[in-house]
Amino acid sequence: MILVTGAAGFIGSNLVVDLEAEERGPVAVCDWFGTSGKWRNLAKRNIAAFVNPEQIIRFLDVEAAQIQAVIHMGAISDTTATDADELISLNIQASVALWNWCTAHAVPFLYASSAATYGGREKDFRDDDAPAAVSALRPLNAYGWSKKAVDEIFSNRVARGESHPPQWVGLRFFNVYGPNEYHKGPMKSVIATLFDAIVGGETVRLFKSHRAEIANGEQRRDFIYVKDCGKAVLWFLDHPNISGIFNLGTGTARSFLDIASAITDAMQRKFEIEFIDTPAAIRETYQYFTEADMSKARSRGLKFPFTSLENGIADYVKNYLQQEDRFR
């Protein structure tokens, strides 16, 4: 049995799809489902067990002999979260508790880190998991800080020679988009946001560039299709000798105008874009470029090609966003 936390969320629910498709054995899911309709993300899945987050260690203790791996995607994922105590409890302490359990029971542990750990930098996105490199990162918000704190705790433990899970992998996700993100509201991807605006007859708005050398809409991000995230997680599971902190992006930055063009092609529908001022509160820290350095994962053998932005958006739009049933 594989346990997935955050399983009703965006990336977590897609991982459950991939595990089921690959027939990796029974899948147990842990999450708070709430009232936002997140249950729809798992409505098509064959779930072996539903676990309340408050009962997760008890569940693991009872099922210890059956647990093949813990994939920990559960956390506060809102980058605007400001309750540091809640972030410490749910993002840091919960991750450490699972690390400790996996260490004691010799179970592989894969968890979600974030590109937010890199802070406001616009170059040198190297996934160096040496303690000094992790400590030197300067996230811009409390969410990124909580993710860095987890990476730092784990990298320090390993460097000190302390016991650790037989495999441990922290994945620094860059800008992920794809099906099952609909419950995220303002935190959903720009692809889903633009699509909904177009269909709803709303004005399509993007932030202006406030740098003379960069044109409006030419701000660039590393956008990765959620299905590629699933492929990567399965690849790591199949290579239990590989541990560490790894970036997970495509390694190629693309502009917001590229996204608009790809959506136009996928929908076969033209639309006008209005460029609006970047809010003053975030203007000074707004990043104009992010791009995952994927050389570390590639050097370890992760060789499959990532889905291009055009192909990913085409699949997302045609097979999910334009369908009556949007869910994977």
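1. The model is predicted; local features need pLDDT of at least 70, side-chain atom pairs count only at pLDDT 80 or more, and totals for chains, interfaces and linings use all residues. Residues are numbered from 1 along each chain as its sequence is written, and side-chain values use heavy atoms, without hydrogens or water.

2. Helices (H or I, at least four residues) and strands (E, at least two) are DSSP runs, numbered from the N terminus.

3. Helix 6 (190–199) is largely enclosed by the rest of the structure, because seven of its 10 residues are buried (under 20% relative accessible area, 1.4 Å probe, protein chains only). Ile191, Leu194 and Phe195 are among them. The buried residues pack (heavy atoms within 4.5 Å) against elements including helix 8 (256–267) and helix 11 (309–321). Just after helix 6, Gly201 takes a positive phi of about 70 degrees.

4. The axes of helix 3 (84–105) and helix 5 (142–159) come within 9 Å and cross at roughly 25 degrees. The two helices are therefore roughly parallel (angles under 35 degrees). Axes are lines fitted to C-alpha atoms over the stretch in contact, with angles from 0 to 180 degrees between N-to-C directions.

Methods
Parallel < 35°, antiparallel > 145°, perpendicular 65-115°, else oblique. Buried < 20%, exposed > 50% of the residue type's maximum accessible area, 1.4 Å probe, protein only.
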